[in-house]
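The following paragraphs lead the reader through a structure step by step. Please keep the sequence and the model in view while reading.

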Amino acid sequence: MTDSVRLSPHSALLIGSPNCGKTLLFNRLTGLQHRVANFPGITVEIASGKLSGHTGVTLYDYPGTYSLQAISGEERVAVEQFEAALEDPELGIVLCVIDVTRLEKSLYFALQVIRECGRAGKPVLILANMIDVLEDHHISMDLEALSRDMGATVLGISARTGRGLDHLDDAIRQQLSTPQCPSDHQEPDILLRGNAHQLARNYGPKGDVLLRTQNRMDAFFLHTGFGGIAFFVIMYLLFQSIFTWSAPAMDAVESGLGWLSDLVVPMLAPKLVQDFAADALFSGIGAFLVFVPQIFVLTFVIGLLEDSGYMARAALICHRPLRFFGLTGKSFIPMLSGVACAIPGIYAARSIDSPRRRFLTYMAVPLMPCSARLPVYTLLIAAFIPGTTALGGLVGYQGLAMFLVYIFGMVCGLLVTAMVSRFSAQQEPDLPFVLEMPAYRLPTLVPLLRKSWRRCQHFITKAGGIIIAVTAVIWVLGYFPNYGADLGASWLGQIGHLVEPVFAPLGLDWRYGVAVMSSFLAREVFVGTLGVMFGIEGAEENMVPLVAQIQNSDLGLASGVALLVFFAVALMCVSTLAVLSKEAGSNRLAIRMFLAYSGMAYVLALIAYQVVTFLGG
Amino acid sequence: MTVSLWTLTRGQCGAIDGFDEALQDEYRIRLMELGFHPGEQVSCLQAPALGAPKVYRVANTVFSLDDQIAAHVRVRPQTHD
């Protein structure tokens, strides 16, 4: 049982089935001023905000569900929250939204809500949303008769245009001052299902006039040829947006922090504080703030796809191939995002309603070849793979190696989920793939921008603390006891010597061990640390001297390949682990994944080392 | 004669006859909550390639169902005159 939300005095509850326009209505009714409560362990958001025009009344936006008979963990939490709210004396009114263009799927839930409100003695208003769509098609609906048959007031509104919201204001005011509760008839669910079916037949729009545009667009977007091309173009644009649209902002964050560091650090004293501020504080903050623009852009673009209705089509297209690996069509976007960065990818997994498949997606995302791996791959490939070509210059060995290591990560991700899905015990039955195909709509930008910003705030406040703390610990280990004079003689260096036997089977000495351990902060730190170990300043910006140093050392091709394999699999990123533990609501999952992927990375690297050595590398 | 909903091809319609016994109760109930009642008309709007979930219209709502669930819904196909 999840802890229930404590309602503020004079509360109103907004509920409805998924895709009924509830969130848009919530934003209208609260003037977009709302905050979000996040339940650990489960992706259920309950937003709250002050109800405009009603002093002291707080409106709560509860998660959408098709029925009070829950079939998933998510729905169970939503239903439990609703039932707990009904018992709360602070609850003044329930607002239940139905989609008049798709009446039947909303009506059964609405009838259940009316029944429960009658039992709990709470007034309820049924808000018939999207009435403007009916009017646009010259379809009328007898809302008075529907009110009579449902046993609760039904008001025609449009969350999109604001139509009918003045009447809603009056109705809320009236119900709060003199509540009129539905009568307490305890009809069983089976009877309500029949009633909903009959009411939908009597009052719902007839014919397919509302679905014609959607059908025409689906015929294109789900077409074997055109649909496939459209899918790849849209995904390419999404991928590009993560890299290109966010790049200037990421550069700005990096430069801004660099400028601030240059300004502040010289003013600090003593040197210990100065070094801590420069290397731990600013570097630590920079290591996670730099992801904020990427998270913003990704959330915004995914929001555009969701609001437009395309996301449901993309999930459908990808479902079959991903199902083979234990995933769902909805796993595709998180995995694609993971190719840029695992953090927005893990956030994007929120849209997966099946907890098991969301868990499997969490497992796949960190194995996607993220951009932080790129500097490591670039360094190792430049150092170990010859820059020559084959087939008359068509195939460059370095490019081929980069391609193979990227594919290797993706294949590992899919194989891991395939194995875990087949061999792990299933705690609750998986949800079947039943997806409502929403109408195509123009997205509303302001709520999307706010949602993107909220996601960034969540990242900064939830993951930031953990990242800074771990950064500080690594800094202390690398700085003491000789005050940063020699990383090799630091505690981190001593640990490096201590764990050298672990890295020796891969042909690596303690310097590589320290670089691997420090890359736990972020993978790209490997390059900088290795630069420090070899006495080269600024290795991140210019790798050429470091490449030469590595080539001149005794390290062989087999060790280089082993390192590539290790970094393709290991979950060496504290930011990803912090976000993973917050999103999954489980530190244990993040720790287990870190240990499992580290172990798997080591074993695979060892196999790669042995194979390449055997082949004469 | 009844066939499974999954066998309907694009453009084909049918009337829902019932559900396989193999379908868990909670999923049968959920399908009915969504409008898949026995006797209700259902039409296959899209049948994308490579075994992707098909798109069905029931009442005034469009749903996508994969073979794992659509195979459990029995329908009486209707022939076009």
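This is a predicted model: local features need pLDDT of at least 70, side-chain atom pairs count only at pLDDT 80 or more; totals for chains, interfaces and linings use all residues.

Two strands are said to pair if DSSP finds at least two bridges between them.

Strand E2 of chain B, residues 13–19, runs antiparallel to strand E3 of chain B, residues 41–46, and three bridges join them. Within this pairing, B:Cys13 stands opposite B:Ser43 in E3(B). E3(B) also pairs with strand E4 of chain B, residues 54–58, again in the antiparallel sense, here over four bridges.

Strand E10 of chain A, residues 434–436, pairs with strand E5 of chain B, residues 61–65, in the antiparallel sense over three bridges. There A:Glu436 stands opposite B:Phe63 in E5(B).

What does the contact between the chains involve as a whole? In total, 35 residues of chain A are in contact with 30 residues of chain B. On the side of chain A, the elements giving two or more residues are the helices H3 (103–120), H7 (189–203), H8 (212–221) and H13 (310–323), together with strand E10 (434–436). Sorted by class, this side of chain A has 18 nonpolar, ten polar and seven charged residues.

In soluble globular proteins, nonpolar side chains tend to be buried together. The largest nonpolar core of this model has 201 residues, and A:Leu14, A:Cys96 and A:Ile126 are those with the most contacts inside it. Helix H25 of chain A, residues 557–569, supplies the largest share of this core, with ten residues. When neighbours within four places in sequence are left aside, A:Leu14 is in contact with residues including A:Leu25, A:Phe26, A:Leu59, A:Tyr62, A:Leu95 and A:Val97. Among the other contacts of A:Leu14 are A:Lys22 and A:Asp61.

Two packed helices are described by the angle between their axes and the distance between the axes. Helix H22, residues 510–518, and helix H23, residues 525–533, pack at an angle of about 145°, with their axes 8 Å apart. The crossing of H22(A) and H23(A) is right-handed. From H22(A), A:Arg511, A:Val514, A:Ala515, A:Val516 and A:Ser518 meet A:Val525, A:Phe526, A:Thr529, A:Leu530 and A:Met533 of H23(A). By class, the residues of this contact are seven nonpolar, two polar and one charged.

Key. Residues are numbered from 1 along each chain as its sequence is written. Chains are lettered from A and ligands numbered from 1 in the order in which they are written. Axes are lines fitted to C-alpha atoms, for helices over the stretch in contact, and angles run from 0 to 180 degrees between N-to-C directions. A crossing is left-handed if the near helix is turned anticlockwise from the far one by less than a right angle, and right-handed if clockwise. Two residues are in contact if their C-beta atoms, placed from the backbone, lie within 7 Å. Ala, Val, Leu, Ile, Met, Phe, Trp, Tyr, Cys and Pro count as nonpolar, Asp, Glu, Lys and Arg as charged, and the others, Gly among them, as polar. A nonpolar core is a set of buried Ala, Val, Leu, Ile, Met, Phe, Trp, Tyr and Cys residues joined through C-beta atoms within 7 Å. A residue is buried if 20 or more other C-beta atoms lie within 10 Å of its own, exposed if 12 or fewer, and partly exposed in between; C-beta atoms are placed from the backbone.
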